[in-house]
Amino acid sequence: MAERSQRKEMKENEIERNIRIALGCTEDVRVFRNSVGQAVVKGRTIRYGLLKGSSDLIGWRRIEITPEMVGQSIAQFVGVEVKTDTGRLRPEQKLWLEMVNEAGGKAIVARSADDATSSLLPEQS
């Protein structure tokens, strides 16, 4: 405990920045700031971020499935970009989907609930 009190107390945003820099130097982990909150704009409440209580940084880590892991469950990052029948992806949305999929996550464009469930839920036999 003495060592901790002798160290300069860092602010949370400084720690977060250091974490993002450290993880950004690797190829196997990608994290992104997830600001969560709300603002009132022209009398309307706008909420942003994932949800209250979600992590400050979200993302994925690439892991190799080894023989010892066979039969175990792991979490896979999922991203769903919701579009209407005529909606089009912006370039940055397309890039996000590509990055998630290339890293081993599952990112899709869904134009209906059926699109999402058929792409994300395991096939029923």
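Which residues line the largest pocket? Select G59, W60, R61, R62, I63, I74, A75, Q76, F77, A103, G104 and G105, which form that lining. The model is predicted, so local features need pLDDT of at least 70 and side-chain atom pairs count only at pLDDT 80 or more, while totals for chains, interfaces and linings use all residues. Residues are numbered from 1 along each chain as its sequence is written, and side-chain values use heavy atoms, with hydrogens and water left out.

**The pocket**

The largest pocket has a volume of about 260 Å³. A pocket here is an open set of points on a 1 Å grid over the protein atoms alone, where a 1.4 Å probe fits, with protein on both sides within 12 Å along at least five of seven lines; lining residues have an atom within 4 Å of a point. Grid points are joined across faces, edges and corners, and the volume is the space filled by probe spheres set on the points. Colour the lining by class: six residues are nonpolar, four polar and two charged. In this scheme Ala, Val, Leu, Ile, Met, Phe, Trp, Tyr, Cys and Pro count as nonpolar, Asp, Glu, Lys and Arg as charged, and the others, Gly among them, as polar.

Buried means under 20% relative accessible area, exposed over 50%, and partly exposed in between (1.4 Å probe, protein chains only). Next, display the contacts of W60 (heavy atoms within 4.5 Å). Leaving aside neighbours within four places in sequence, W60 meets D28, V29, R30, F32, F77, W96, M99, V100 and A103.

**The aromatic cluster**

Now show the rings of F32, W60, F77 and W96, which ring pairs link into a cluster. Rings of Phe, Tyr and Trp (its six-membered ring) pair if their centres lie within 6.5 Å; planes under 30 degrees apart count as stacked, over 60 as edge-to-face and the rest as tilted. The structure holds five aromatic pairs. In one of them, the rings of F32 and W96 have centres 4.9 Å apart and planes at 70 degrees, so this pair is edge-to-face. Because F32 lies in strand β1 (residues 29-33) and W96 in helix α3 (residues 91-102), the pair ties together parts 64 residues apart in sequence. Helices (H or I, at least four residues) and strands (E, at least two) are DSSP runs, numbered from the N terminus. W96 is partly exposed, at a relative accessible area of 27%. The rings of F77 and W96 are also edge-to-face, with centres 6.2 Å apart and planes at 70 degrees.

**Two further stops**

Select E16 in helix α2 (residues 12-24). Is E16 buried or exposed? At 12% relative accessibility, E16 counts as buried. Beyond four places in sequence, E16 is in contact with R33, D56 and L57.

Finish at K42, in the loop between β2 (37-41) and β3 (44-48). K42 is exposed, with a relative accessible area of 85%. The phi of K42 is near 50 degrees, a positive value in a residue other than glycine.
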